[in-house]
Each structure stands twice: as structure tokens, then as C-alpha cells.
Amino acid sequence: MAPSKFNSAGEGNFSGPMADNGLFNANSLLNSEKAVQELLERSPLMETDDHLIEFSEALRTVAKALRKAAEGKAASQAEAAEWKRKFELERTRNLQLEHKGQSPVECNGHNNKRSRILSPQATEQSERCCGTNGICSHEILQDRDIDSISQMASKKYARKAPFKLSWCCNGEHSDRHKHDVVSFEKGNITTAERSSRQISLKWESQPQTVLILTKPNSISVRILCFEMVRWLREHKGLHIYVEPRVKSELLTESDYYNFVHTWKDNKEIMLLHTKVDLVVTLGGDGTVLWAASMFKGPVPPLVPFSLGSLGFMTPFHSEHYKECLDSVLKGPISITLRHRLQCHVIRDAARNEYETEEPILVLNEVTIDRGISSYLTNLECYCDSSFVTCVQGDGLILSTTSGSTAYSLAAGGSMVHPQVPGILFTPICPHSLSFRPLIFPEYVTIRIQVPFNSRGHAWASFDGKDRKQLAAGDALVCSMAPWPVPTACQADSTNDFLRSIHDGLHWNLRKTQSFDGPRDT
């Protein structure tokens, strides 16, 4: 829970303990907790007095919050001391290496298991391709263990094709071409570079490996998959990965498809991003969500073909898959970086906020609702260290901007361009006339907690699956994940977004007003 303050009259008067520097003092917190316990012991409660019972429950909640704050401060101090000790050791070692004439970077290259592995040719290529406004694939996707890299290097189809991401402008003299930094000339602040400019992907070597993911139980998708696998192999010479289910279907069709690769367990799925240059999805938005969920870290560029119902994230038509894939493989292509949310469930029994369950990444939204309970949901919401509100209703939706056209839209949230970095805060049937949806900036951390006085449990679902129960005292912490999902655009990000809401939702579609009516004179 967020830090609390408590004020009462009489003997039980005390306030939230603060040190001189504005931070909580652990000893004061413990003394405050003892004061709360003494007040509870001195306050005789009658079973018939509901107000005293509610007051005692509130005091117990305050006592537990004070105890957690003290434990959290102690853990933070221990962690800070450990980091300081490591820093001093590293600083001393670097000074010793400088006296010996050896560069600390050269030493770290032999000892650090997480060091970046780049050959002289790749280093030269990095210096050549990395500009002031470019993002290179070898700086994003090649941060992994040396052992795994040496194992993958032995397989030629595991070599990844490097690429460069850059901002696109309509010419050097375009109004969209802005400075990269904020200028404070003569005390005046000029506009910073616009983060919503279109992003372009350019391959620096030919892609070698493609992963194809398909919607199950669809005959038309299966036929298209057979044709696409054959075409990519015979005309492009690519190595192809498919799901185990799809490989069985391919081998049932013909032994010709023996060249197709797949995986056996979750460990191999975790290494897919080190092998695959490009992901192709055949289905609807659900297939795109499934593809994104397979990658717990970096995601290769994704080309979604529309074979579903709506298709807000699938701009490519399957009838022209050869032309589309040929254009994507040649490059450059426009892409949309679709942000994801990283969610942690913290149980009440956890000793600190670092003791969490495995993080879950969502591309659309995380939903907290009342489940099968007939009671209203009671959720305390915090943004960083600030209290936001207490949700009383059917639940709450925390959505990405890519998910703004999904459940959040149905609950009254706004439609937002997918490249706008933000987190949508949308209530579900709130029991209030003034509870309007919010949009938070992408850098905040949102915490949703089930209070101890809640009448029932809450349930959290992540992109419509992996449902988890949240009991009293449990919390869900959400922040922006560092690994977006790069999806290819048919035209550009804005054109694809507007086309999707026009075609999928018939946005603002009405008859045009007749011209032969009254006119202003």
C-alpha cells in the first residue's frame, strides 16, 4: 500500500513519522505501529457497535502499512549498501588496471558474461550505420549470454539479419524536421523533436529465417500457409519456423516440407528471438496477440496478414502476399512500435515488492474485474507514489494505445494512435457519474491493490487469458515494458490506423447533409 498518515485526538494522537530529510524513519514507523497496537488493546469493542469494528479494522490496516513501510525501507537500505560496495570495488579495480596500462573495457570483455559480442566487421558496421537518430538491431537484440551465442553460431540459419530503425521526414525542409534536443536560447524553450514521426526499418543484410504463425482450425489459413511456405523456400531460399501443430499438418500433406523447423519446449521458444529475422502471422488481431506473447523479451519485426474478422493490427491482404513479402524482405519499410505493458502480481504474503510472481507482458490490456462475485469491485489505485482513486464498479482496464480500440473502447475509453506513448486508465461500469477515463504518460508505474476491507476478491486477466485471483492485500503493478512489438505498415502508421477505424468500426459514418436547404445569407 502507499505510505499512510493517521491523526487522532486524545491519547492516540500520532502522525506519519518523517525524518529530517523528508524520508520515513524505520524506528519511528515501528514506534507508530506499537502505538496503533496499544490503541487497539485499550479500545474495548462491542460486537453490536459497527462503527468501532470498522474503526478497529482501519487501525489494523494502518499498522500493517507501517510495518510494510519499515520493512521496505530496511530492504532498500541494504540494497543501496550492496550497490555502493560493488561500485567501490569496481572503481578500485579500474584504478588498478589504469596503473597497469590495461583498459577496463578490455578486461570486462573477458570477464563479463553479459558483454556485447561484436566482431571487428560488425563493429565497423555499427559505427557506419548508427547515426544520431538511428536505432540498430545489434544494439537491441544481441545482449545475451556468450555461451548461447557460441551455440547458435554453429547453425547458419540462426544468424540474424541486422537492421536499422530511423525516423522518416518529408525532406530536410519539411516542417516535421525538428531539432533533437530542447533549446534554451535566451531563456526561451523551443519545441523538442516530435516522437510521433514515422519509423522506417532498413535491412543491412538479407533476412535468412522467417517464423510463420497461423490461426488454428481454419482451412483457408492452412491452404495459404502451405503455399507461402513453399514460395518462401523455393523463391527466397529462407529457413522457415512454424509451430509444432503446423509442422504436423505440413508433413501430413507432403514429405516435401521436411525442411521446416519447429521447437520442442518452452526453453527453445525463449531463444526464438535469437534465430528469427521476421515473423509472419496469418489470422486476425488474436494471432498478433499470440505472436507477441511468445516473445518475453525483444520481438522481431512482424508482418500481419488479415484473415480474421476486424483486423486493427493486420493491414496486409493475403491475396497479395507475394508482393507484400517481397517488398518487406527488400526494405525499407514503415513500422509501428506497439508498446506493451509489463505486469507483476505481488501477493500480500510477500516480504517486499521485489518478491513477485513471473512478469506478464500484454499488448492490448490487463483487466481487473469482480469475476463471479455479486459485490462491487473495490480497488485502490496509485500512480507512482500518488493516490489516484478508489474504483467501485465492475472493474478497471489498464490498456496500451494499441489496445485502445479493444475492451477499453467498449468501456467508454478514447481511441488513441498506437504510436502515442501512454497508458489508458478506463473504469468498467463505475458506480459514479463523474468517473471519466484517463490517459497517463508511459513512464509512470500504476499500482492496483485490493484493500483489506474489500467484500470480495478481484480477478486479473492479461490480454483475455492467464486469469489470476487477487485476494485482500494483493496488488498488481503495471509499467511500460522495454520491448515493443514492431509491426510492418502497409502505407504508414497513421494511414493504417485511420483505415482500420474507418473499415472496422465505420467511425463517424453518416449520410451527408443535403445541399438544397436553408443557407446563411
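**Close-up views of a predicted model**

**View 1. One side of helix H13 is tucked away.** In H13, the buried residues are Ser493, Asp496, Phe497, Ser500 and Ile501. Look down the axis of H13 and these buried residues fall within an arc of 125°, so they line one face of the helix. What do the buried residues of H13 pack against? Their partner is strand S9 (333–338). Keep in mind throughout that this is a predicted model.

View 2. Just after H13 comes His506, with a positive phi of about 55°.

**View 3. Strands S4 and S5 run side by side.** S4 (residues 209–214) pairs with S5 in the parallel sense over 4 bridges.

**View 4. Side chains of S5 point two ways.** In a regular strand the side chains alternate between the two faces of the sheet. Strand S5 spans residues 239–242. Which residues of S5 point one way, and which the other way? His239 and Tyr241 share one direction, while Ile240 and Val242 take the other, and all of them are buried.

**View 5. Thr487 sits in strand S21.** This strand takes in residues 485–488. Is Thr487 buried or exposed? Its relative accessibility is 2%, so Thr487 counts as buried. The side chain of Thr487 also makes a polar contact with the side chain of Arg338, at 3.1 Å. Setting aside neighbours within four places in sequence, Thr487 is in contact with Leu302, Ser334, Ile335, Thr336 and Arg338.

**View 6. Ser479 sits in strand S20.** Look for Ser479 within residues 475–480, the span of this strand. Ser479 has a relative accessible area of 18%, and because buried means under 20%, Ser479 is buried. Leaving out neighbours within four places in sequence, the contacts of Ser479 are Arg340, Leu341, Gln342, Val444 and Thr445.

Methods: Residues numbered from 1 in each chain as written. Predicted model: local features only at pLDDT ≥ 70, side-chain atom pairs only at ≥ 80, totals over all residues. Heavy atoms only, no water. Helix = DSSP H or I, 4+ residues; strand = E, 2+ residues; numbered from the N terminus. Buried < 20%, exposed > 50% of the residue type's maximum accessible area, 1.4 Å probe, protein only. Contact = heavy atoms within 4.5 Å. Arc of directions from axis to C-beta. Pairing = 2+ DSSP bridges. Polar contact = N/O pair within 3.5 Å; in protein donor to acceptor, adjacent residues only side chain to side chain.
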